[in-house]
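This report describes a two-chain model at several levels of detail, from a single residue to the contact between chains. The structure is shown first, and the description follows.

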Amino acid sequence: MKATNITPQETNDLLKMAKSCRHYSLCKDDILGCGVCPSGLEKQYVSFYPEGRMDLYAALCEKHIPVTEKCLEIVDSCNLCGKCDYPCYFTQQLRPAKVMKALKEYVSNYLKEGGKIVKTPDDELLLELKKIVGDYWATNDPAIAIAYHHDMCPHVEFKMPQYIVMPQTKEEIAAVIKLLNLRKIPFIVRGNGASSHGLTFTEGVVLDLHRMKTIEFDEKNWSVKIGAGVTAFEIQTEAQKRGFRVVTAEPSATVCANIMTTGLISTFATAYGIAGNIFINAEFVTKDGEIFDLNEIGAPNLFSYDYKLEEAKPYAICVSVSLKLFPLTADEDAVIIPFESLPEAIDFAKECAVRRIGLAISILGQEFMSSFMTPTKNLSKEARDVFIDKLGMKYMTLIIGDTYDLKCVREMGKPVIDQKLFKTLLLGLPSLNSSGCFELLEGLSSDEPFSFLNIEQVNDLTEMALSPSSSQIVQDMDEDLQPFFKKLFERPEMTSLVWLNTFRIISSRFCREKPFVGFVSYLPIDAPLIEEMQNEIKKITDKHRIKSELGFITPFDFGKRCVWEYDLYFDPLDADELTRIQQATEEAGALINKYCEKTGTIRQLRYIVNRGYCRMENLLYI
Amino acid sequence: MANRKDKYIVLTGATGFLGAFLLAGLLDRGYQVIALGRSSTMKLAERLSNLVTWLNIGPRQRLLPIEVDFTKKHFGLDDKAYSQLCANTGKIIHCASDTRFAERNRKQVMESNISNLASILEFAEDSQAEHFYYISTAYAVGVCEGICLETPVSLENNKFTNVYEESKAQAEDIITKGCNKIAMPLSILRPSIVYGHSKTGRALKFNALYYGVKSLSYIKDIFVKDIVEHGGTKSIKWGFNINNDGTLYLPLTVYLPENGAVNLISVDYFVEATIRIMEQGDAGIYNITCDNPPNILTISDYIEKFLGIRGIKTICKPFDNPPNPAEELFGRFFEIYRPYLSDKRIFDRSHTKSVVNDLSTPPLTYDIFDRCMSYAVACDWGKIANFPK
């Protein structure tokens, strides 16, 4: 049956784009201040957001699911406003609005050609689920379920859930769990509906906690209690309005789930810590459907931690967390210090952490000065060529702090990219390669090529050389989107190192070039150990022809420990590369396990998942 | 085995600046040349073919490229290929060199200029070559004053301006001992700073003299852009402006340790002298340098005229006032070449003159300077698409 007027080549391109969605839910938060898909906001299920519609389009094209009632509702609710293009293009250089349009055309043509609408009748379990959460918030329609059935993880077996349930309260969750236990139906929980690391798949029921959006500030007690569906961007925005900071991760990550799975990895861990350091209390529903909070006398002791080299089973569902509020100061600023070698960067970051200099410290890998900083893939290549290849800025240490912190950093005598220069470089990116100065810098003598940063008037010189402007930075972007992005880049926060890193806006570009498998561990901030591990992993990835790089390193706990991420990149649409990444991942995992056993001080994230509400000291030192 | 007269000159570094022009000169004189070179992303044969086309030189059948690995015994060639190479070898000219000055490149420079000598000297012995020619540098003599004789360098208590000089001095020592051991005639040729062809302006690499011009050209562009496109808000505060005659007033004071000269020779002089020494000279050391080198004032006049700028001056004491941005930036760019801009050393050329008495480097007139720099600009400093890489 011909279901579209689009040419086969166009369909192929659109299908490729639909399958390229990274499932990071950045279309669900208003990270650029341009508004969010109205139908998603109203209907809440992932399939009503652009992310879900990408999955739906791919599933229909490939005949994995039929055209259903919900499918029609999803298609009808999209008004093709195009808002989805902005964040998706900004972070991944994708144009989902084209897929939204193609989806509409596909269903329209299907109906014109007499295609039948498949109904999925309510069975007994669904009726009971609906009784608990309300009629609209439980479904077995595959057009809804499809958005919960896979992610970019290359080494798990994806499963299509039979039911999707969206409870709004802890009592509803408890009731759903009790019902599912009684019926012996497997279930998993998702904070924002999304999945990124292959952890949350079931053939049974998915509990999507996206509707649990409560935010209650208790400023007298420096805390804010948030529901399980509240994302990092939402709570950080509200906290900052009130003059506070909370510790959060990527903008669309739900905070409750993030703590649960990782202990919450943030560059601000340097000042605020991880796991038990960042919250005051949390509420849970146990796997038996019982509700408790951590501060109750007699509550299960989630603070303790017995680290083992095995994946921990989920103990309970976190339904709310009371986060600590941290004060902001008006003079917060940031600098980037480039390094040619990793040990130098690690030693510098460690020294800062030991001396308690800075609120947030992060050694950033090469993605930062390429993908993160640039709005397009072309510019990413140019930035890599200039910053990394020509200027030798192989590692960047980002430090956010107040006036006193940054004064100390300056006195440490390293070449520095300050806020002003960062803005110049960012908005002048398209002129980088044509400006011959950077090429000349390669020839500088005994110092690193980037020692030119020590020139007193480096800001003015760079500004004159690059002529930075919002008009210039958008030159390489799609023409029809340029007016929007020109205005966007005129906003001060879009070039502010503090804002961009507090909200993790530019790091949302991770995986734009390719998705990755990240090996994340908490470990001693020990340059030889980290370098040795990286070199050993690199040998494995080179063998399998897989690109791999440092993601980041953030010191914390007075410079005694750090969180380290090393990333293995792959193309999810390349079957051969998928096989190779699987092999590389397996071998690299085994290698890190050996280092864990050898040192006794490395805590791999894969074995922490589901245990992140522990006491930091228990996790790291016991 | 081939007859002596049929034998090849084996040349290393044929894809480098001096090596390429030397290759052209040798082929032009009817010599047959084996070019030994590293394998790279582009095959040696292809690189040489591009080079030969670009240099517009004669019959290519007299050029035989052989890809080798200097770090390996017998250059990594199999026994048959190595034996054949040895059998066909007449003279050896070792011209390959890593010419980077920066200390951070020490490891690579030392590997390239020192470690690789073992296989090359072994090859000289195995091939029983007629003569070994080593292209060194006049600056292998290190930091010294007065007359620099055409005599072996002293490694003891000698100071060097950079790792390149140091590596060349060590290499001279190693090669001298190596050749003595096998009783092989050795000539060490020490050119000073080489610029392009005096008649055609052609060059293959744009460092040294070119680097200063290139740096100032980019600095000029920065300020002109500011003045023309942005009203010069930043330039004006440092006194930079565009004069009525269209030149840029760029007040740029260059600090030099002392008044001196810049010992420059043209690449055509280097080639001619080298071939003559090869054809007529005996073993020993030859300074291929300039008898009357220009001083920095002459050079800076040329640069001002060529770039359309005014305001360059030199001082022999450190700045009293903080440098302006152009001075600071140029100072950074040119730091590695600063010691060569006020050279008071006199390079003795007695031995060289005994062979090439009628030959000397042409004086660096503005016409030659303009020709060479115009060529560099036309090539976009080596960045144009068909420029040999």
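Predicted model: local features only at pLDDT ≥ 70, side-chain atom pairs only at ≥ 80, totals over all residues.

## A buried leucine in chain B

B:Leu11 is located in strand β1 of chain B, which runs over residues 8–12. B:Leu11 counts as buried because 26 C-beta neighbours fall inside 10 Å, where the cut-off for burial is 20 or more.

Which residues is B:Leu11 in contact with, leaving aside its neighbours within four places in sequence? The set consists of B:Gly19, B:Leu22, B:Leu23, B:Val33, B:Ala35, B:Ile93 and B:Cys95. B:His230, by contrast, lies 219 residues from B:Leu11 along the chain, and a C-alpha separation of 53 Å lies between the two.

## Chain B as a whole

Chain B contains 13 helices and 14 strands. Its radius of gyration is 22 Å, close to the 21 Å given by the globule rule for 389 residues, so chain B is as compact as a globular protein of that length.

Burial applies to 47% of the 389 residues of chain B. For contacts in chain B between residues at least 6 apart in sequence, 79% join residues at least 24 apart.

## Two domains of chain A

The domain assignment of chain A gives domain 1 (8–112) and domain 2 (124–208). The centres of these two domains of chain A, taken over C-alpha atoms, are 21 Å apart. Their contact involves 20 residues from domain 1 of chain A and 17 residues from domain 2 of chain A.

On the domain 1 side of this contact, α3 (50–61) and α4 (69–77) of chain A each supply at least two residues. The most come from α3(A), with 5 residues. By class, the domain 1 side has 8 nonpolar, 6 polar and 6 charged residues.

## A four-stranded sheet in chain A

An open sheet of 4 strands in chain A has the order β1-β2-β4-β3, with mixed pairing. Its edge strands are β1 (138–139) and β3 (187–190) of chain A, each of which pairs on one side only.

Strands of a sheet pair through backbone hydrogen bonds, in either the parallel or the antiparallel sense. For β3(A) and β4 (residues 205–208) of chain A, the sense is parallel and the pairing extends over 4 bridges. A:Arg190 stands opposite A:Asp208 in β4(A).

## Helix α13 of chain A

Helix α13 of chain A covers residues 342–354, 13 residues in total, and reaches 18 Å from its first C-alpha to its last, close to the 18 Å expected at 1.5 Å a residue. Just after α13(A), A:Arg356 adopts a positive phi of about 60 degrees.

The buried residues of α13(A) are A:Ala345, A:Ile346, A:Phe348, A:Ala349, A:Lys350, A:Cys352 and A:Ala353. Against which elements do the buried residues of α13(A) pack? Their partners in chain A are α12 (269–272), β12 (333–339), β13 (360–364), β14 (395–401), α23 (527–543) and β17 (548–556).

## Contact between the chains

Between the chains, 17 residues of chain A are in contact with 22 residues of chain B. The elements giving two or more residues to the chain A side are α18 (437–441) and α19 (458–466) of chain A. Of the elements on that side, α19(A) gives the most, with 4 residues. By class, the chain A side has 8 nonpolar, 6 polar and 3 charged residues.

Methods
Residues numbered from 1 in each chain as written. Chains lettered and ligands numbered in written order. Contact = placed C-beta atoms within 7 Å. Nonpolar A, V, L, I, M, F, W, Y, C, P; charged D, E, K, R; others polar. Rg over C-alpha atoms; globule rule 2.2 N^0.38 Å. Buried ≥ 20, exposed ≤ 12 C-beta atoms within 10 Å, placed from the backbone. Domains from an automatic or database assignment. Pairing = 2+ DSSP bridges. Expected span 1.5 Å × (residues − 1).
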